[in-house]
Amino acid sequence: MSVQWHPSLASGNAEIDGQHQEIFRRLADLVAALEKGRRDEIPRLFQFLGEYVVEHFGAEERAMKESRYPGANVHMAAHARFVREYGELRLLYDATGPSFAIAVKTATWVQDWLKSHIYGADRALARHLREAEE
């Protein structure tokens with residue numbers, strides 16, 4: 001399964017884009033470990049990705065607060081939903097162990113969510129941040 005960031009996902013904000021690229025790298029590592037059944041690496045990679053996403057969301061949320069972003073509540077609710085659903089995915093892995101099905105679910109759900117969120121909410125935030133600087 002191919003998981004990778006694509007330049008079409010660029011928001012125009014260098015900090016946000018760099019963090020998104022790192023999220024995709026970490027997701028690719030997790031999916032590869034799931035596909036290969038690397039039980040010794042998977043929990044660490046799940047934790048690593050989950051923690052990095054929370055850090056990234058925190059950076060975005062600080063930028064929203066500092067710039068008085070009008071869409072902050074909706075954007076933050078999307079972040080909270082992702083964190084909750086990612087936790088549920090982790091629990092599913094813990095209950096079933098590594099499998100191709102878990103790898104597919106992880107790759108498709110996380111990647112689809114990220115792309116949708118980046119194309120919509122994050123681009124709107126990046127546009128707001130650019131306008132706030134002007």
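In this predicted model, helix α3 meets helix α4 through a contact to which α3 contributes H75, A78, H79, R81, F82, E85, Y86, L89, L92, Y93 and T96. On the α4 side, the partners are I102, K105, T106, W109, V110, W113, H117, A121, D122 and L125. Sorted by class, the residues of this contact comprise 12 nonpolar, 5 polar and 4 charged. Helix α3 covers residues 72–96, and its axis lies 12 Å from that of α4, at a packing angle of about 175°. Angles over 145 degrees count as roughly antiparallel, and α3 and α4 are therefore roughly antiparallel to each other.

Helix α4 also packs against α1. The axes of these two helices come within 10 Å and cross at roughly 175°, so α1 and α4 are likewise classed as roughly antiparallel to each other. From α1, the contact draws on I16, H20, I23, F24, L27, L30, V31, L34 and E35. From α4, the residues are I102, A103, T106, A107, V110, Q111, L114, K115, I118, D122, L125 and L129. The class composition of the α1 contact with α4 is 15 nonpolar, 3 polar and 3 charged residues.

| α3 and α4 | 12 Å apart | about 175° | 12 nonpolar, 5 polar, 4 charged |

Helix α2 gives the most, with 5 residues. By class, the pocket lining has 5 nonpolar, 3 polar and 4 charged residues.

As for the overall fold, the protein chain has 4 helices and 0 strands, and its pattern along the sequence is α-α-α-α. The radius of gyration of the chain is 15 Å, close to the 14 Å that the globule rule gives for 134 residues, so the chain is as compact as a globular protein of that length. Along its principal axes, the C-alpha trace of the chain spans about 50 × 25 × 20 Å.

Methods:
Residues numbered from 1 in each chain as written. Predicted model: local features only at pLDDT ≥ 70, side-chain atom pairs only at ≥ 80, totals over all residues. Heavy atoms only, no water. Nonpolar A, V, L, I, M, F, W, Y, C, P; charged D, E, K, R; others polar. Axes fitted to C-alpha atoms, helices over the stretch in contact; angles between N-to-C directions. Parallel < 35°, antiparallel > 145°, perpendicular 65-115°, else oblique. Contact = heavy atoms within 4.5 Å. Rg over C-alpha atoms; globule rule 2.2 N^0.38 Å.
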